[in-house]
Amino acid sequence: MITGQHLIAGREAAASCSPFQAENPTTSQKLEPHFGDATLAEADEALQAADGAFDALRLAPVETRAQFLEALADEIMALGDSLLERAHAETALPMARLTGERGRAINQCKMFAALIREGSWSALNIDHAQPERAPVPKPDVRKMLLPIGPVVVFGASNFPFAIGVVGTDTVCAMAAGCPVVVKGHPAHPGTCEMLGRAVLAALRKTGLPEASFSLLQGRGNELGRALVTHPLTQAVAFTGSLRGGRALMDAAASRPNPIPVYAEMGSINPVFLLPGALKERAAKIGEAYVGSVTMGVGQFCTNPAVVLGLKSPELGTFVQSAAENAEKIAPQTMLHRGICEAYEAGTAVWSTISGIKLAGQSATEPNSDATQAACRIYTTTLDVLESNEELRHEVFGPCSIVTECSTLEDMLRFARSLDGQLTAAIHGTPEDLREYAPLVRVLERKAGRIIFNGFGTGIEPCASMHHGGPYPAASHSFFTSIGTDSILRFVRPVSYQGFPDDCLPTPLQNANTPGAMRLVDNKLTRDAS
Ligand code: NAP
(Lines give C-alpha, C1' and ligand atoms only; values in the text may rest on other atoms or scores of the structure.)
Protein backbone atom coordinates (compact mmCIF):
# COMPACT_ATOMS: atom_id res chain seq x y z
CA MET A 1 0.00 0.00 0.00
CA ILE A 2 2.92 2.38 0.66
CA THR A 3 5.43 2.41 -2.16
CA GLY A 4 7.56 5.50 -1.45
CA GLN A 5 6.54 7.03 -4.77
CA HIS A 6 5.44 10.59 -5.39
CA LEU A 7 1.89 10.94 -6.62
CA ILE A 8 2.01 13.44 -9.45
CA ALA A 9 -1.29 14.21 -11.13
CA GLY A 10 -2.32 10.54 -11.00
CA ARG A 11 1.11 9.30 -12.10
CA GLU A 12 3.27 7.34 -9.67
CA ALA A 13 6.84 8.60 -9.82
CA ALA A 14 9.62 6.52 -8.28
CA ALA A 15 11.73 8.49 -5.82
CA SER A 16 15.09 9.04 -7.47
CA CYS A 17 17.01 11.41 -5.15
CA SER A 18 18.27 11.51 -1.56
CA PRO A 19 16.57 8.44 -0.12
CA PHE A 20 15.14 8.72 3.39
CA GLN A 21 12.95 6.64 5.67
CA ALA A 22 10.46 7.49 8.34
CA GLU A 23 11.59 6.66 11.86
CA ASN A 24 9.49 5.29 14.67
CA PRO A 25 10.17 7.84 17.44
CA THR A 26 9.43 5.28 20.17
CA THR A 27 11.85 2.60 18.97
CA SER A 28 14.16 4.56 16.62
CA GLN A 29 13.48 1.83 14.06
CA LYS A 30 13.49 2.85 10.42
CA LEU A 31 10.20 2.19 8.72
CA GLU A 32 9.88 0.77 5.19
CA PRO A 33 9.82 1.83 2.41
CA HIS A 34 12.38 4.38 1.27
CA PHE A 35 11.14 7.76 0.11
CA GLY A 36 13.16 10.40 -1.71
CA ASP A 37 13.22 14.11 -2.42
CA ALA A 38 11.05 15.13 -5.37
CA THR A 39 13.09 16.90 -8.02
CA LEU A 40 12.51 20.43 -9.23
CA ALA A 41 11.32 18.93 -12.53
CA GLU A 42 8.71 16.93 -10.59
CA ALA A 43 7.63 20.06 -8.72
CA ASP A 44 7.20 21.77 -12.08
CA GLU A 45 5.28 18.78 -13.48
CA ALA A 46 2.87 18.82 -10.50
CA LEU A 47 2.21 22.55 -10.78
CA GLN A 48 1.82 22.49 -14.58
CA ALA A 49 -0.70 19.67 -14.17
CA ALA A 50 -2.50 21.54 -11.38
CA ASP A 51 -2.76 24.66 -13.50
CA GLY A 52 -4.01 22.58 -16.43
CA ALA A 53 -6.71 21.00 -14.25
CA PHE A 54 -7.85 24.28 -12.68
CA ASP A 55 -10.68 25.07 -15.10
CA ALA A 56 -12.06 21.52 -15.00
CA LEU A 57 -12.07 21.55 -11.21
CA ARG A 58 -13.48 25.04 -10.67
CA LEU A 59 -16.09 24.78 -13.41
CA ALA A 60 -17.29 21.32 -12.36
CA PRO A 61 -20.78 21.38 -10.81
CA VAL A 62 -20.64 22.27 -7.13
CA GLU A 63 -22.46 19.01 -6.43
CA THR A 64 -19.57 17.05 -7.99
CA ARG A 65 -17.02 18.78 -5.76
CA ALA A 66 -19.25 18.15 -2.74
CA GLN A 67 -19.49 14.47 -3.69
CA PHE A 68 -15.71 14.37 -4.06
CA LEU A 69 -15.30 15.63 -0.49
CA GLU A 70 -17.75 13.03 0.81
CA ALA A 71 -16.01 10.32 -1.24
CA LEU A 72 -12.72 11.45 0.31
CA ALA A 73 -14.21 10.98 3.79
CA ASP A 74 -15.22 7.43 2.77
CA GLU A 75 -11.79 6.71 1.31
CA ILE A 76 -10.06 7.85 4.50
CA MET A 77 -12.31 5.55 6.55
CA ALA A 78 -11.71 2.71 4.09
CA LEU A 79 -7.99 2.83 4.93
CA GLY A 80 -9.11 1.40 8.26
CA ASP A 81 -6.74 0.52 11.05
CA SER A 82 -3.74 0.38 8.73
CA LEU A 83 -3.84 4.18 8.45
CA LEU A 84 -3.99 4.58 12.23
CA GLU A 85 -1.22 2.03 12.74
CA ARG A 86 1.11 3.69 10.24
CA ALA A 87 0.45 7.14 11.70
CA HIS A 88 1.03 5.77 15.19
CA ALA A 89 4.34 4.22 14.12
CA GLU A 90 5.50 7.46 12.47
CA THR A 91 4.31 10.00 15.07
CA ALA A 92 3.86 8.07 18.35
CA LEU A 93 0.49 9.78 18.73
CA PRO A 94 -1.73 7.37 20.68
CA MET A 95 -4.27 5.31 18.72
CA ALA A 96 -7.20 6.90 20.59
CA ARG A 97 -5.99 10.39 19.71
CA LEU A 98 -5.46 9.37 16.07
CA THR A 99 -8.93 7.82 15.92
CA GLY A 100 -10.40 11.10 17.17
CA GLU A 101 -8.32 13.13 14.76
CA ARG A 102 -9.41 10.95 11.84
CA GLY A 103 -13.01 11.70 12.86
CA ARG A 104 -12.21 15.41 12.78
CA ALA A 105 -10.64 15.11 9.31
CA ILE A 106 -13.68 13.27 7.99
CA ASN A 107 -16.08 15.76 9.53
CA GLN A 108 -14.11 18.59 7.91
CA CYS A 109 -14.63 16.96 4.49
CA LYS A 110 -18.37 16.78 5.17
CA MET A 111 -18.47 20.30 6.61
CA PHE A 112 -16.99 21.79 3.43
CA ALA A 113 -19.27 19.64 1.24
CA ALA A 114 -22.27 21.12 3.08
CA LEU A 115 -20.79 24.64 2.89
CA ILE A 116 -20.35 24.66 -0.88
CA ARG A 117 -23.71 22.96 -1.52
CA GLU A 118 -25.45 25.73 0.42
CA GLY A 119 -23.50 28.35 -1.51
CA SER A 120 -23.75 31.52 0.59
CA TRP A 121 -20.04 31.29 1.57
CA SER A 122 -18.99 32.88 -1.72
CA ALA A 123 -20.24 36.34 -0.66
CA LEU A 124 -22.80 36.92 -3.40
CA ASN A 125 -23.59 40.59 -4.03
CA ILE A 126 -25.97 41.98 -6.61
CA ASP A 127 -26.56 45.64 -7.36
CA HIS A 128 -29.18 46.08 -10.07
CA ALA A 129 -28.77 48.68 -12.75
CA GLN A 130 -30.55 52.00 -12.41
CA PRO A 131 -30.45 53.31 -15.96
CA GLU A 132 -32.62 56.30 -15.01
CA ARG A 133 -30.37 57.45 -12.15
CA ALA A 134 -29.21 61.04 -12.52
CA PRO A 135 -26.78 62.48 -13.09
CA VAL A 136 -25.03 59.15 -13.86
CA PRO A 137 -26.87 55.89 -14.59
CA LYS A 138 -25.92 53.01 -12.27
CA PRO A 139 -24.63 49.88 -14.01
CA ASP A 140 -25.62 46.31 -13.07
CA VAL A 141 -22.75 45.04 -10.88
CA ARG A 142 -22.50 41.59 -9.29
CA LYS A 143 -19.68 40.14 -7.23
CA MET A 144 -18.65 36.78 -5.87
CA LEU A 145 -15.58 34.94 -4.63
CA LEU A 146 -13.76 32.77 -7.16
CA PRO A 147 -10.94 30.24 -6.62
CA ILE A 148 -7.43 31.55 -7.20
CA GLY A 149 -5.64 28.56 -8.76
CA PRO A 150 -2.99 26.05 -7.63
CA VAL A 151 -2.35 26.03 -3.87
CA VAL A 152 0.74 24.52 -2.22
CA VAL A 153 0.10 22.91 1.18
CA PHE A 154 2.66 22.15 3.90
CA GLY A 155 1.01 19.91 6.50
CA ALA A 156 1.77 20.00 10.22
CA SER A 157 3.84 17.40 12.03
CA ASN A 158 1.42 17.33 14.97
CA PHE A 159 -1.87 16.73 13.12
CA PRO A 160 -1.14 14.13 10.44
CA PHE A 161 -4.83 13.88 9.45
CA ALA A 162 -6.66 17.09 10.39
CA ILE A 163 -3.85 19.49 9.28
CA GLY A 164 -2.10 17.11 6.89
CA VAL A 165 -2.55 15.83 3.34
CA VAL A 166 -6.35 15.66 3.78
CA GLY A 167 -6.52 18.43 6.39
CA THR A 168 -8.40 21.71 6.33
CA ASP A 169 -5.97 23.37 3.90
CA THR A 170 -6.31 20.75 1.15
CA VAL A 171 -10.00 20.17 1.68
CA CYS A 172 -11.10 23.82 1.68
CA ALA A 173 -8.86 24.70 -1.26
CA MET A 174 -10.33 21.87 -3.35
CA ALA A 175 -13.86 22.69 -2.12
CA ALA A 176 -13.34 26.19 -3.52
CA GLY A 177 -12.10 24.71 -6.82
CA CYS A 178 -8.33 25.11 -6.38
CA PRO A 179 -5.98 22.27 -7.36
CA VAL A 180 -3.53 21.34 -4.59
CA VAL A 181 0.08 20.25 -4.49
CA VAL A 182 1.03 18.92 -1.05
CA LYS A 183 4.57 18.72 0.24
CA GLY A 184 4.46 15.64 2.47
CA HIS A 185 5.73 16.13 6.01
CA PRO A 186 9.11 14.37 6.14
CA ALA A 187 8.37 12.95 9.62
CA HIS A 188 5.34 10.93 8.46
CA PRO A 189 5.73 10.26 4.73
CA GLY A 190 3.96 6.87 4.80
CA THR A 191 0.84 8.40 6.34
CA CYS A 192 1.02 11.15 3.72
CA GLU A 193 1.17 8.62 0.90
CA MET A 194 -1.81 6.63 2.18
CA LEU A 195 -3.86 9.81 2.43
CA GLY A 196 -2.65 11.02 -0.98
CA ARG A 197 -3.92 7.80 -2.51
CA ALA A 198 -7.29 8.38 -0.82
CA VAL A 199 -7.53 11.81 -2.49
CA LEU A 200 -6.77 10.31 -5.90
CA ALA A 201 -9.34 7.52 -5.39
CA ALA A 202 -12.01 10.10 -4.50
CA LEU A 203 -11.15 12.19 -7.58
CA ARG A 204 -11.46 9.11 -9.79
CA LYS A 205 -14.75 8.08 -8.19
CA THR A 206 -16.31 11.46 -8.87
CA GLY A 207 -14.83 12.01 -12.34
CA LEU A 208 -12.73 15.03 -11.38
CA PRO A 209 -9.25 15.39 -12.91
CA GLU A 210 -6.53 13.48 -11.10
CA ALA A 211 -4.21 16.34 -12.06
CA SER A 212 -5.99 18.47 -9.44
CA PHE A 213 -3.89 16.83 -6.73
CA SER A 214 -0.24 15.88 -6.28
CA LEU A 215 1.80 14.74 -3.33
CA LEU A 216 5.54 15.31 -3.41
CA GLN A 217 7.73 13.90 -0.70
CA GLY A 218 10.92 15.57 0.40
CA ARG A 219 13.28 16.44 3.20
CA GLY A 220 15.27 19.65 3.33
CA ASN A 221 14.15 23.08 2.29
CA GLU A 222 14.86 23.10 -1.44
CA LEU A 223 11.65 21.41 -2.57
CA GLY A 224 9.43 23.59 -0.39
CA ARG A 225 11.11 26.73 -1.64
CA ALA A 226 10.76 25.62 -5.26
CA LEU A 227 7.04 25.00 -4.77
CA VAL A 228 6.51 28.43 -3.19
CA THR A 229 8.48 30.28 -5.87
CA HIS A 230 7.00 28.37 -8.81
CA PRO A 231 5.30 30.91 -11.11
CA LEU A 232 2.05 28.89 -11.27
CA THR A 233 1.57 28.69 -7.47
CA GLN A 234 -1.11 31.15 -6.38
CA ALA A 235 -1.11 30.70 -2.58
CA VAL A 236 0.56 28.66 0.15
CA ALA A 237 -0.82 27.14 3.36
CA PHE A 238 1.69 26.22 6.06
CA THR A 239 1.53 25.03 9.67
CA GLY A 240 4.78 24.66 11.58
CA SER A 241 7.65 26.63 13.02
CA LEU A 242 8.10 30.40 12.90
CA ARG A 243 11.45 29.88 11.21
CA GLY A 244 9.94 27.70 8.45
CA GLY A 245 6.88 29.88 8.00
CA ARG A 246 8.93 33.05 7.84
CA ALA A 247 11.33 31.54 5.30
CA LEU A 248 8.39 30.66 3.06
CA MET A 249 6.82 34.12 3.51
CA ASP A 250 10.11 35.73 2.48
CA ALA A 251 10.47 33.38 -0.50
CA ALA A 252 6.93 34.24 -1.66
CA ALA A 253 7.55 37.96 -1.19
CA SER A 254 10.73 37.78 -3.28
CA ARG A 255 8.90 36.42 -6.33
CA PRO A 256 8.43 38.83 -9.26
CA ASN A 257 4.71 38.38 -8.55
CA PRO A 258 4.41 37.89 -4.76
CA ILE A 259 1.69 35.54 -3.54
CA PRO A 260 0.10 35.09 -0.10
CA VAL A 261 1.56 32.57 2.34
CA TYR A 262 -0.98 31.67 5.01
CA ALA A 263 1.35 30.47 7.74
CA GLU A 264 0.16 29.37 11.17
CA MET A 265 3.23 29.35 13.36
CA GLY A 266 2.24 29.09 16.98
CA SER A 267 2.47 31.30 20.07
CA ILE A 268 2.87 31.26 23.84
CA ASN A 269 -0.90 31.54 24.52
CA PRO A 270 -0.83 33.50 27.80
CA VAL A 271 -3.25 32.62 30.59
CA PHE A 272 -4.35 35.27 33.10
CA LEU A 273 -5.56 34.10 36.50
CA LEU A 274 -7.85 36.66 38.11
CA PRO A 275 -8.27 36.82 41.90
CA GLY A 276 -11.92 35.70 42.12
CA ALA A 277 -11.22 32.50 40.21
CA LEU A 278 -8.14 31.73 42.31
CA LYS A 279 -10.13 32.25 45.51
CA GLU A 280 -12.86 29.90 44.30
CA ARG A 281 -10.88 27.07 42.67
CA ALA A 282 -7.08 27.55 42.52
CA ALA A 283 -6.26 23.84 42.87
CA LYS A 284 -8.76 22.80 40.22
CA ILE A 285 -7.47 25.32 37.72
CA GLY A 286 -3.94 24.06 38.46
CA GLU A 287 -5.00 20.53 37.60
CA ALA A 288 -6.77 21.58 34.39
CA TYR A 289 -3.75 23.70 33.41
CA VAL A 290 -1.37 20.74 33.61
CA GLY A 291 -3.88 18.71 31.58
CA SER A 292 -3.75 21.39 28.89
CA VAL A 293 0.07 21.77 29.01
CA THR A 294 0.60 18.03 28.59
CA MET A 295 -2.17 17.27 26.10
CA GLY A 296 -0.54 15.64 23.08
CA VAL A 297 2.84 15.88 24.89
CA GLY A 298 2.49 19.65 24.72
CA GLN A 299 2.70 19.53 20.93
CA PHE A 300 -0.10 21.96 20.25
CA CYS A 301 0.35 25.45 18.88
CA THR A 302 -2.27 26.52 21.46
CA ASN A 303 -0.30 25.16 24.41
CA PRO A 304 -0.46 27.57 27.42
CA ALA A 305 3.23 28.40 27.80
CA VAL A 306 2.93 31.38 30.17
CA VAL A 307 0.54 31.92 33.09
CA LEU A 308 0.21 35.19 35.01
CA GLY A 309 -1.40 35.68 38.40
CA LEU A 310 -1.32 38.24 41.19
CA LYS A 311 1.00 37.34 44.08
CA SER A 312 -1.25 35.76 46.74
CA PRO A 313 -1.63 32.61 48.85
CA GLU A 314 -4.15 31.39 46.24
CA LEU A 315 -1.55 31.66 43.48
CA GLY A 316 0.66 29.52 45.72
CA THR A 317 -2.14 26.93 45.90
CA PHE A 318 -2.39 26.99 42.12
CA VAL A 319 1.37 26.41 41.73
CA GLN A 320 1.32 23.61 44.29
CA SER A 321 -1.55 21.89 42.50
CA ALA A 322 0.19 22.30 39.13
CA ALA A 323 3.44 20.88 40.55
CA GLU A 324 1.66 17.88 42.10
CA ASN A 325 -0.22 17.16 38.91
CA ALA A 326 2.94 17.51 36.82
CA GLU A 327 4.58 14.80 38.92
CA LYS A 328 1.78 12.39 38.00
CA ILE A 329 2.36 12.86 34.27
CA ALA A 330 4.57 10.12 32.87
CA PRO A 331 7.06 11.22 30.20
CA GLN A 332 5.69 10.62 26.71
CA THR A 333 7.18 10.14 23.26
CA MET A 334 7.29 13.23 21.07
CA LEU A 335 6.61 13.41 17.33
CA HIS A 336 10.20 13.17 16.23
CA ARG A 337 13.73 13.43 17.53
CA GLY A 338 14.24 16.99 16.27
CA ILE A 339 11.23 18.28 18.22
CA CYS A 340 12.36 16.40 21.36
CA GLU A 341 15.89 17.78 21.11
CA ALA A 342 14.51 21.30 20.63
CA TYR A 343 12.38 20.80 23.75
CA GLU A 344 15.34 19.66 25.82
CA ALA A 345 17.49 22.53 24.55
CA GLY A 346 14.72 25.09 25.14
CA THR A 347 13.98 24.03 28.72
CA ALA A 348 17.71 23.76 29.44
CA VAL A 349 18.06 27.44 28.50
CA TRP A 350 15.14 28.34 30.79
CA SER A 351 16.77 26.45 33.66
CA THR A 352 19.94 28.53 33.44
CA ILE A 353 18.10 31.84 33.84
CA SER A 354 18.45 33.31 37.28
CA GLY A 355 15.05 33.83 38.89
CA ILE A 356 13.46 30.77 37.25
CA LYS A 357 12.53 27.84 39.50
CA LEU A 358 11.42 24.36 38.54
CA ALA A 359 8.23 23.99 40.59
CA GLY A 360 7.37 20.47 39.50
CA GLN A 361 8.04 17.88 36.84
CA SER A 362 7.16 14.32 35.86
CA ALA A 363 8.21 12.04 38.70
CA THR A 364 9.92 9.62 36.33
CA GLU A 365 12.88 10.40 34.09
CA PRO A 366 12.20 10.60 30.35
CA ASN A 367 13.75 7.84 28.26
CA SER A 368 15.64 9.70 25.57
CA ASP A 369 15.99 6.49 23.51
CA ALA A 370 12.21 6.54 23.24
CA THR A 371 12.19 10.28 22.33
CA GLN A 372 10.34 11.04 25.56
CA ALA A 373 9.73 14.42 27.17
CA ALA A 374 8.91 15.09 30.80
CA CYS A 375 6.34 17.68 31.87
CA ARG A 376 8.09 20.69 33.45
CA ILE A 377 6.35 23.54 35.27
CA TYR A 378 8.45 26.57 36.19
CA THR A 379 7.81 29.67 38.29
CA THR A 380 9.21 33.14 37.98
CA THR A 381 8.39 36.79 38.52
CA LEU A 382 7.31 39.33 35.97
CA ASP A 383 10.58 41.26 35.95
CA VAL A 384 12.45 38.04 35.01
CA LEU A 385 9.92 37.26 32.26
CA GLU A 386 10.19 40.80 30.94
CA SER A 387 13.95 40.91 30.91
CA ASN A 388 14.58 37.53 29.24
CA GLU A 389 13.43 37.46 25.64
CA GLU A 390 13.94 33.68 25.36
CA LEU A 391 11.12 33.11 27.89
CA ARG A 392 8.69 34.74 25.51
CA HIS A 393 9.24 32.31 22.65
CA GLU A 394 7.43 29.02 22.25
CA VAL A 395 9.29 25.94 23.46
CA PHE A 396 7.25 23.24 21.74
CA GLY A 397 6.42 20.59 24.32
CA PRO A 398 4.91 19.97 27.80
CA CYS A 399 6.43 22.93 29.67
CA SER A 400 5.08 26.19 30.99
CA ILE A 401 5.99 29.09 33.29
CA VAL A 402 3.79 30.51 36.06
CA THR A 403 4.59 34.19 36.60
CA GLU A 404 3.89 36.18 39.70
CA CYS A 405 2.73 39.78 39.16
CA SER A 406 2.43 42.43 41.86
CA THR A 407 -0.45 44.47 40.45
CA LEU A 408 -3.10 44.44 37.78
CA GLU A 409 -1.14 47.19 36.03
CA ASP A 410 1.79 44.73 35.78
CA MET A 411 -0.44 42.20 34.08
CA LEU A 412 -1.74 44.83 31.70
CA ARG A 413 1.77 46.00 30.88
CA PHE A 414 2.78 42.45 30.04
CA ALA A 415 -0.35 41.95 27.94
CA ARG A 416 0.38 45.16 26.03
CA SER A 417 3.92 43.98 25.29
CA LEU A 418 2.81 40.64 23.83
CA ASP A 419 3.47 39.65 20.23
CA GLY A 420 0.53 38.32 18.24
CA GLN A 421 -1.02 35.21 19.80
CA LEU A 422 -3.27 32.42 18.58
CA THR A 423 -5.09 32.38 21.91
CA ALA A 424 -5.22 34.09 25.28
CA ALA A 425 -7.19 32.77 28.26
CA ILE A 426 -8.68 34.40 31.32
CA HIS A 427 -9.75 32.52 34.41
CA GLY A 428 -12.11 34.53 36.56
CA THR A 429 -15.57 35.02 37.92
CA PRO A 430 -18.01 37.09 35.86
CA GLU A 431 -17.34 39.91 38.36
CA ASP A 432 -13.58 39.57 37.74
CA LEU A 433 -14.18 39.83 34.03
CA ARG A 434 -16.18 43.04 34.45
CA GLU A 435 -13.59 44.54 36.79
CA TYR A 436 -10.68 43.54 34.55
CA ALA A 437 -12.36 44.61 31.30
CA PRO A 438 -9.22 46.61 30.29
CA LEU A 439 -7.35 43.30 30.08
CA VAL A 440 -9.91 41.98 27.59
CA ARG A 441 -9.56 45.18 25.56
CA VAL A 442 -5.78 44.65 25.36
CA LEU A 443 -6.12 40.96 24.45
CA GLU A 444 -8.54 41.79 21.65
CA ARG A 445 -5.61 43.55 19.99
CA LYS A 446 -3.24 40.64 20.51
CA ALA A 447 -5.01 37.30 20.05
CA GLY A 448 -7.17 35.47 17.52
CA ARG A 449 -9.26 33.73 20.19
CA ILE A 450 -9.93 34.73 23.80
CA ILE A 451 -11.10 31.98 26.14
CA PHE A 452 -12.89 32.49 29.42
CA ASN A 453 -12.39 29.79 32.07
CA GLY A 454 -10.73 27.35 29.73
CA PHE A 455 -7.55 26.80 27.74
CA GLY A 456 -6.76 27.18 24.05
CA THR A 457 -5.95 23.52 23.47
CA GLY A 458 -8.79 21.75 21.65
CA ILE A 459 -10.15 23.65 18.67
CA GLU A 460 -13.71 23.33 17.43
CA PRO A 461 -13.71 23.45 13.60
CA CYS A 462 -16.86 25.54 13.07
CA ALA A 463 -18.06 28.72 11.39
CA SER A 464 -17.26 30.98 14.34
CA MET A 465 -13.78 29.58 15.01
CA HIS A 466 -10.82 31.84 14.37
CA HIS A 467 -7.50 30.03 14.47
CA GLY A 468 -4.90 32.64 13.65
CA GLY A 469 -3.77 35.95 15.05
CA PRO A 470 -1.44 38.88 14.49
CA TYR A 471 2.13 38.07 13.40
CA PRO A 472 4.05 36.02 14.46
CA ALA A 473 1.16 33.71 15.47
CA ALA A 474 0.13 33.76 11.83
CA SER A 475 1.29 35.52 8.69
CA HIS A 476 -2.05 37.25 8.08
CA SER A 477 -4.27 38.08 11.04
CA PHE A 478 -7.49 38.28 9.04
CA PHE A 479 -7.59 34.61 8.04
CA THR A 480 -8.25 31.42 9.99
CA SER A 481 -6.69 28.05 9.19
CA ILE A 482 -9.45 26.07 10.95
CA GLY A 483 -13.22 26.24 10.47
CA THR A 484 -15.32 27.09 7.44
CA ASP A 485 -13.85 30.58 6.94
CA SER A 486 -10.50 28.96 6.12
CA ILE A 487 -11.82 28.65 2.55
CA LEU A 488 -11.53 32.45 2.21
CA ARG A 489 -7.74 32.12 1.92
CA PHE A 490 -8.04 30.55 -1.52
CA VAL A 491 -10.55 32.79 -3.28
CA ARG A 492 -10.70 36.36 -4.47
CA PRO A 493 -13.60 38.63 -5.35
CA VAL A 494 -14.49 39.27 -9.00
CA SER A 495 -17.11 41.83 -10.09
CA TYR A 496 -19.14 41.39 -13.26
CA GLN A 497 -20.47 44.60 -14.70
CA GLY A 498 -23.23 44.75 -17.32
CA PHE A 499 -23.26 41.00 -18.03
CA PRO A 500 -26.31 39.32 -19.61
CA ASP A 501 -27.97 37.10 -16.98
CA ASP A 502 -27.23 33.79 -18.71
CA CYS A 503 -23.52 34.64 -19.06
CA LEU A 504 -23.04 35.15 -15.29
CA PRO A 505 -21.85 32.39 -12.93
CA THR A 506 -24.95 30.45 -11.78
CA PRO A 507 -24.93 31.83 -8.19
CA LEU A 508 -25.14 35.40 -9.53
CA GLN A 509 -27.97 34.79 -12.03
CA ASN A 510 -31.37 36.29 -11.23
CA ALA A 511 -33.05 32.90 -10.64
CA ASN A 512 -30.81 32.03 -7.66
CA THR A 513 -31.25 28.31 -8.34
CA PRO A 514 -28.85 27.35 -5.50
CA GLY A 515 -31.12 29.32 -3.11
CA ALA A 516 -28.07 30.91 -1.49
CA MET A 517 -28.21 33.97 0.71
CA ARG A 518 -27.30 37.03 -1.38
CA LEU A 519 -27.02 40.74 -0.72
CA VAL A 520 -29.36 42.14 -3.37
CA ASP A 521 -29.51 45.92 -3.52
CA ASN A 522 -28.21 45.98 0.07
CA LYS A 523 -30.84 43.53 1.37
CA LEU A 524 -29.99 39.97 2.43
CA THR A 525 -32.33 37.48 0.75
CA ARG A 526 -32.55 33.99 -0.68
CA ASP A 527 -35.16 35.14 -3.22
CA ALA A 528 -34.68 35.35 -6.96
CA SER A 529 -33.70 38.88 -7.89
P1 NAP B 1 8.80 22.86 10.51
O2 NAP B 1 10.21 22.55 10.79
O3 NAP B 1 8.43 24.28 10.41
O4 NAP B 1 8.42 22.12 9.12
C5 NAP B 1 7.12 22.17 8.56
C6 NAP B 1 7.21 21.93 7.06
O7 NAP B 1 7.81 23.05 6.41
C8 NAP B 1 8.00 20.72 6.66
O9 NAP B 1 7.43 20.14 5.51
C10 NAP B 1 9.36 21.32 6.32
O11 NAP B 1 10.00 20.45 5.46
C12 NAP B 1 8.99 22.65 5.71
N13 NAP B 1 9.99 23.70 5.95
C14 NAP B 1 10.46 24.09 7.16
N15 NAP B 1 11.34 25.10 7.00
C16 NAP B 1 11.43 25.35 5.68
C17 NAP B 1 12.18 26.29 4.89
N18 NAP B 1 13.04 27.14 5.46
N19 NAP B 1 12.02 26.27 3.56
C20 NAP B 1 11.19 25.38 2.99
N21 NAP B 1 10.45 24.47 3.67
C22 NAP B 1 10.56 24.46 4.99
O23 NAP B 1 7.83 22.22 11.54
P24 NAP B 1 7.77 20.76 12.24
O25 NAP B 1 8.79 19.80 11.73
O26 NAP B 1 6.37 20.37 12.11
O27 NAP B 1 8.07 21.06 13.77
C28 NAP B 1 9.17 21.78 14.19
C29 NAP B 1 8.69 22.97 15.00
O30 NAP B 1 7.53 23.60 14.43
C31 NAP B 1 8.25 22.63 16.39
O32 NAP B 1 9.34 22.55 17.27
C33 NAP B 1 7.29 23.75 16.71
O34 NAP B 1 7.96 24.87 17.21
C35 NAP B 1 6.67 24.11 15.41
N36 NAP B 1 5.32 23.55 15.19
C37 NAP B 1 4.27 24.38 15.20
C38 NAP B 1 3.02 23.88 14.93
C39 NAP B 1 1.83 24.75 14.90
O40 NAP B 1 0.74 24.25 15.00
N41 NAP B 1 1.97 26.03 14.70
C42 NAP B 1 2.82 22.55 14.64
C43 NAP B 1 3.92 21.73 14.62
C44 NAP B 1 5.17 22.25 14.87
P45 NAP B 1 11.59 20.44 5.29
O46 NAP B 1 12.18 20.74 6.62
O47 NAP B 1 11.86 19.09 4.78
O48 NAP B 1 11.87 21.50 4.30
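A residue is taken as near a molecule if one of its heavy atoms lies within 4 Å of it. The structure is a predicted model, in which local features need pLDDT of at least 70 and side-chain atom pairs count only at pLDDT 80 or more, while totals for chains, interfaces and linings use all residues. Residues are numbered from 1 along each chain as its sequence is written, and side-chain values use heavy atoms, with hydrogens and water left out.

The ligand is surrounded by 25 residues. Ser157, Lys183, Gly220, Asn221 and Ser241 are the closest. Polar contacts were then examined (pairs of N or O atoms within 3.5 Å; within protein, one must be able to donate a hydrogen and the other to accept it, and residues adjacent in sequence count only if both atoms are side-chain atoms). Ser157 places a polar side-chain atom 2.6 Å from an oxygen atom of the ligand. Gly240 has a backbone N or O atom 3.4 Å from a ligand nitrogen atom. A polar backbone atom of Gly266 also lies 3.4 Å from a nitrogen atom of the ligand. On its own, the ligand has 850 Å² of accessible area, and the protein covers 86% of this. Accessible areas come from the Shrake-Rupley method with a 1.4 Å probe; for residues, only the protein chains shown count as cover.

Helices (H or I, at least four residues) and strands (E, at least two) are DSSP runs, numbered from the N terminus. Strand 10 (235–239) and helix 8 (242–253) are the elements that give two or more residues to the ligand shell. Helix 8 supplies the largest share, three residues. The shell holds nine nonpolar, twelve polar and four charged residues. Here Ala, Val, Leu, Ile, Met, Phe, Trp, Tyr, Cys and Pro count as nonpolar, Asp, Glu, Lys and Arg as charged, and the others, Gly among them, as polar. Domain 1 (6–265 + 480–489) and domain 2 (271–452) each give at least three residues to the shell. The domain bounds come from an automatic or database domain assignment.

Ten aromatic pairs are found in the whole structure. Rings of Phe, Tyr and Trp (its six-membered ring) pair if their centres lie within 6.5 Å; planes under 30 degrees apart count as stacked, over 60 as edge-to-face and the rest as tilted. Phe159 and Phe300 form a tilted pair, because their ring centres are 5.5 Å apart and their planes stand at 40°. The two residues are 141 residues apart in the chain. Both Phe159 and Phe300 are buried (under 20% relative accessible area; exposed is over 50%, partly exposed in between; 1.4 Å probe, protein chains only). Tyr262 and Phe490 pair edge-to-face, at 6.1 Å centre to centre and 85° between the planes. Tyr262 lies in strand 11 (residues 261–264), 228 residues from Phe490. Tyr262 is buried at 11% relative accessibility, and Phe490 is buried at 0%. Tyr262, Phe478, Phe479 and Phe490 form one aromatic cluster.

Most residues other than glycine have a negative phi, and most peptide bonds are trans. The peptide bond from Glu32 to Pro33 is cis, with omega near -5°. Pro33 sits in strand 4 (residues 30–37). The bond from Ala134 to Pro135 is also cis, with omega near 5°. Asn269 has a positive phi, near 50°, and is buried at 1% relative accessibility. Asn522 has a positive phi of about 70°, but is exposed, with a relative accessible area of 65%.
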